[in-house]
Amino acid sequence: MTDQASILRKRFSQNSTQPRQTETPRFRSLSVTSGKGGVGKTNIVINLAIHLAKMGKKVFLIDADLGLANIDILLNIAPQFTIEDVLTGKKHINDIIIEGPLGIHILPASSGISEMQSLSAKQQMSMLRELSNLKTQYDYILIDTGAGISSNVLRFNAAADEICVVTNPEPTAITDAYALMKIMSSRYQVHHFNLIVNLSEAAEARDVYGRLVRVLNKFLTVNLELLGNIPRDPNFIKAVRHQEPISLLFPNSPAGKAFRTLAAQIVNRSGDTFVEEKETSFWKRLGSWKKD
Ligand SMILES: Nc1ncnc2c1ncn2[C@@H]1O[C@H](COP(=O)(O)OP(=O)(O)OP(=O)(O)O)[C@@H](O)[C@H]1O
Ligand SMILES: [Mg+2]
């Protein structure tokens with residue numbers, strides 16, 4: 001199957017012979033996604049944003065779980081307007097961006113609006129185009145997608161420079177992670193994914209990673225990299241109840257430390273393997289859709 005995104009992917013992959021650049025990329029987008037719901041995506045995205053902001057990075061957080069938004073709840077912010085207002089033409093995207101902790105910019109979505117969960121291709125494109133028109137510059141754009149394989153989820157993933165799939169060690173979550181990578185690879189020609197294994201210690205995460213790699217190697221041409229693990233941490237319950245990120249409330253908790261390591265890993269990666277993708281930044285890729 002082919003569509004605009006896969007055409008773009010192909011076009012950009014043909015450009016990958018361009019010389020690498022060594023400086024930190026100006027734009028770098030990462031979608032955090034999962035096949036199975038409730039595996040920790042929203043908490044991961046928020047806590048990674050906190051650590052990146054602590055490192056002095058300018059971070060843009062997109063709540064792409066349209067219709068079931070959670071970022072605002074977990075950060076205890078009450079956005080007056082959301083992406084829905086942009087899609088209905090009431091607001092411009094710049095008007096709805098709000099500032100969260102440590103100066104993180106947030107694009108809030110709405111909750112309880114079922115129509116938002118199944119946007120038409122035209123609406124998706126219009127929103128992605130609006131995003132591409134943002135003139136503000138960010139070091140990192142983190143996208144919290146919904147769970148599953150709906151077209152909203154797939155399109156946001158396809159637009160990101162990198163995709164981070166989240167799973168936990170449960171067989172159902174692992175199977176759904178595989179299903180998501182399979183569909184992204186066949187429909188959008190995405191052949192590289194990162195993996196975060198939540199609710200696990202390092203050894204178990206490596207085991208989950210190994211199991212996924214074995215199936216991927218057998219059936220798909222996909223490269224998977226283990227970004228890291230986050231241990232099960234009882235402090236999460238308190239942090240979520242306080243509506244404050246665990247990395248701010250309990251920075252030295254096991255999960256707080258794990259998030260710090262993961263954020264450092266992401267920053268290191270930006271200066272390494274994926275820097276050649278700078279030219280295919282989120283904005284550029286989205287902007288190019290206009291031409292297709
Ligand atoms: N490492 C962890 N230790 C303990 N609890 C955790 C951990 N990670 C996530 N949780 C808990 O799991 C629940 C689900 O987390 P979260 O909302 O981030 O998942 P999600 O993948 O975004 O869900 P959805 O698919 O519904 O968007 C939350 O109650 C959170 O506190
Ligand atoms: Mg979520």
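**Exercise 1. Burial along helix α12**

Determine which residues of α12 are buried in this predicted model, and where they lie around the helix axis.

*Solution.* 
Step 1. A residue counts as buried if 20 or more other C-beta atoms lie within 10 Å of its own. In α12 the buried residues are A255, G256, A258, F259, L262, A263, I266 and S270.
Step 2. These residues lie on the same side of α12, because they cover an arc of only 160° around the axis.
Step 3. The partners of this buried set are β1 (29-34), α2 (41-54), β7 (192-198), β8 (223-230), α10 (235-242) and α11 (246-249).

**Exercise 2. The span of helix α12**

Compare the span of α12 with the value expected at 1.5 Å a residue.

*Solution.* 
Step 1. Helix α12 comprises residues 254-270, a total of 17 residues.
Step 2. From the first C-alpha to the last, α12 reaches 25 Å, which is close to the expected 24 Å.

**Exercise 3. The surroundings of strand β7**

Strand β7 is among the elements against which the buried residues of α12 pack.

*Solution.* 
Step 1. The chain passes from β6 to β7 through helix α8 (residues 171-188), in a right-handed β-α-β crossover.

**Exercise 4. The shell around ligand 1**

Identify the residues that come nearest to ligand 1 and the element that gives the most to its shell.

*Solution.* 
Step 1. There are 19 residues around ligand 1, of which G37, K41, T42, N43 and F236 come nearest.
Step 2. The elements that give two or more residues to this shell are α2 and α10. Helix α2 gives the most, with 3 residues.

**Exercise 5. The chain as a whole**

State how many helices and strands the chain contains, what percentage of its residues is buried, and what percentage of its contacts between residues at least 6 apart in sequence joins residues at least 24 apart.

*Solution.* 
Step 1. The chain contains 13 helices and 8 strands.
Step 2. Of its 292 residues, 45% are buried.
Step 3. Among contacts between residues at least 6 apart in sequence, 79% join residues at least 24 apart.

Key. Residues numbered from 1 in each chain as written. Chains lettered and ligands numbered in written order. Predicted model: local features only at pLDDT ≥ 70, side-chain atom pairs only at ≥ 80, totals over all residues. Helix = DSSP H or I, 4+ residues; strand = E, 2+ residues; numbered from the N terminus. Expected span 1.5 Å × (residues − 1). Buried ≥ 20, exposed ≤ 12 C-beta atoms within 10 Å, placed from the backbone. Arc of directions from axis to C-beta. Contact = placed C-beta atoms within 7 Å. Right-handed = clockwise from strand over helix to strand, strands pointing away. Near = placed C-beta within 6 Å.
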